[in-house]
Amino acid sequence: MSARPGAPMFLRIAARELRGGLAGFRIFLTCLILGVAAIAAVATLRDGIRRGLDAQGAVLLGGDAQMEFTYRYATPEERGWIEDRASAVSEIVDFRSMAVAGEDRALTQVKGVDDAYPLVGEVALDPPVPLAEALAGDGTRPGAVLDGVLADRMGLQLGDGVRLGLTEFVLTARLLREPDAAAGGFGLGPRTLVRTADLAGSGLLEPGTLFETEYRMILPPGADLPALEAEAEAAFRDSGMSWQDRRRGAPGVERFVDRMAAFLVLVGLAGLAVGGVGIAAAVRAYLDRKTEAIAVLKALGATGGTILAAYLAQIGALALAGVAAGLTLGTAIPLLAAPLIAARLPIPVEMGLSGAALAEAAIYGLLTAAIFSLWPLSRLAEVRAAALFRDLGPGRRGRPPLPLALALVLSVAALAGAALWFSGVPQLAAGTLGGVAAALAILAAAAWVLG
């Protein structure tokens, strides 16, 4: 930090103080950098997953839009509405059943598909054969594709028979990946893929049985998704239809990511707040070492406001430097690890710089630095030179003057408001803030008792 000859006095004082080095602010900077870096890294990863989900919404859903019905197929009227508006349609039946092979039984989540499936993306099988070929069977039995976990659990090899309901299928391939797996939500068992037509006579899709049908659609270019959703809701509001489209291709995954990211960011904020104790101690220790210099400035005629502004400028400059370093570290880590993260996560990730993530982490860092620095700095406001030399006087341990007290209250309120706003989970944020406040109160009470 440097100040021009014509700069205000407090800036020149601050510049001279900072030329002495940062030896007294190592703890200050360490606490700030690590706290901001943790929040920035989590927020950057969260936004990368959000971008991936937005960009791959159609692949995750299996189409541009989907209409789902519970315990029934679409009526001719509903099917006609779908076909009039879509350029391609795929019908999927989803239900739970027991897979039986000899004496072995296992719960499985069955997906019955038609010849159009998948409309978007590709199904990965082992051996790598087309899905239509795998589901065609061996000429005497229809084919079934089982998740590898299910096949291993039941001891099945390719060519072995597996029964679903009253129908026996032949295992023709192991399922490695289905493109719309994220849109399927929670399943009670590993996946089995069969043709819906081959389930006729199995007794699994009779009236009264539990299943869901999903009608995936490829829409013409430029289709107005909000208008189509409103039209479908108006036409089939009372029929138990639910609508989903590529704008939120995997809402369950999105909710999970948002909640987990909110939790981790709040954990980082809690760590940053606890690190604020170190920030306050570093500022207090630094000012204690500067007692004589401050007293000399007072004796030479510097006002309390000038001295306070000088040290506020110092702490502010260091806080900005710490936040900038934390943002750099917190952004670099997920960006450098992006290939590893993308390979390990079962959902798409598009890692990149995120202005929202950087702003969120910077706001938390700056507000925390302000909250834990203002109280130690307030001791400089109305103190006489003689009191500083003797380390006496009410100004050393008294309450902060009204302007600084107001700034402190506003900083705390702003930090709480930011946590409630950014988290998206106000109850969780409020609980976290309450826990942090209680922990800091306990620390303050312990310091008062021991002091």
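In this predicted model, helix 2 (residues 26-55) and helix 12 cross with a right-handed sense. Their axes lie 8 Å apart and the packing angle is about 155 degrees, which means that helix 2 runs roughly antiparallel to helix 12. On the side of helix 2 the contact is formed by Phe28, Leu32, Val36, Ile39, Ala40, Ala43, Thr44, Arg46 and Asp47, and these meet Ala356, Ala357, Glu360, Ala361, Tyr364, Gly365, Ala369 and Ser373 of helix 12. By class, the residues of this contact comprise 11 nonpolar, three polar and three charged.

Helix 12 (residues 355-377) also packs against helix 15 (residues 402-423), with axes that come within 9 Å and cross at roughly 150 degrees. An angle over 145 degrees counts as roughly antiparallel, and helix 12 is therefore roughly antiparallel to helix 15. The handedness of this crossing is left-handed, whereas that of helix 2 with helix 12 is right-handed. Helix 12 contributes Glu360, Ile363, Tyr364, Leu367, Thr368, Ala370, Ile371, Leu374 and Trp375 to the contact, while helix 15 contributes Leu404, Ala407, Leu408, Ser411, Val412, Ala414, Leu415, Ala418, Ala419 and Phe422. These residues divide into 16 nonpolar, two polar and one charged.

From the helices we can turn to the strands. Strand 1 (residues 65-70) is mostly covered, with five of its six residues buried. Strand 1 pairs with strand 9 (residues 212-218) in the antiparallel sense over six bridges, and in this pairing Gln66 stands opposite Arg216 of strand 9. Strand 1 is also paired in the antiparallel sense with strand 10 (residues 242-245), here over four bridges, and Glu68 stands opposite Ser242 of strand 10.

Several loops deserve a careful look. Tyr71 lies in the loop between strand 1 and helix 4 (76-85), and its phi is near 65 degrees, a positive value in a residue other than glycine. With a relative accessible area of 51%, Tyr71 is exposed, because the cut-off for that class is over 50%. Thr196, by contrast, which belongs to the loop between strand 8 (191-195) and strand 9, has a relative accessible area of 13% and is buried. Leaving aside residues up to four places away in sequence, Thr196 touches Tyr73, Val93, Gly112, Val113 and Asp114. Thr196 and Lys111 are 85 residues apart in sequence, yet their C-alpha atoms are 8.0 Å apart in space.

Two cis peptide bonds complete the account of the loops. The bond from Tyr117 to Pro118 is cis, with omega near -5 degrees, and Pro118 lies in the loop between strand 3 (104-113) and strand 4 (124-126). The bond from Asp126 to Pro127 is likewise cis, with omega near 5 degrees, and Pro127 is found in the loop between strand 4 and helix 5 (131-136).

For the protein as a whole, the secondary structure comes to 16 helices and 10 strands, and 46% of the 451 residues count as buried. Among contacts between residues at least 6 apart in sequence, 78% join residues at least 24 apart.

Conventions
Residues are numbered from 1 along each chain as its sequence is written. This is a predicted model: local features need pLDDT of at least 70, side-chain atom pairs count only at pLDDT 80 or more; totals for chains, interfaces and linings use all residues. Side-chain values use heavy atoms; hydrogens and water are left out. Axes are lines fitted to C-alpha atoms, for helices over the stretch in contact, and angles run from 0 to 180 degrees between N-to-C directions. Angles under 35 degrees count as roughly parallel, over 145 as roughly antiparallel, 65 to 115 as roughly perpendicular and the rest as oblique. A crossing is left-handed if the near helix is turned anticlockwise from the far one by less than a right angle, and right-handed if clockwise. Contact means heavy atoms within 4.5 Å. Ala, Val, Leu, Ile, Met, Phe, Trp, Tyr, Cys and Pro count as nonpolar, Asp, Glu, Lys and Arg as charged, and the others, Gly among them, as polar. Buried means under 20% relative accessible area, exposed over 50%, partly exposed in between (1.4 Å probe, protein chains only). Two strands pair if DSSP finds at least two bridges between them.
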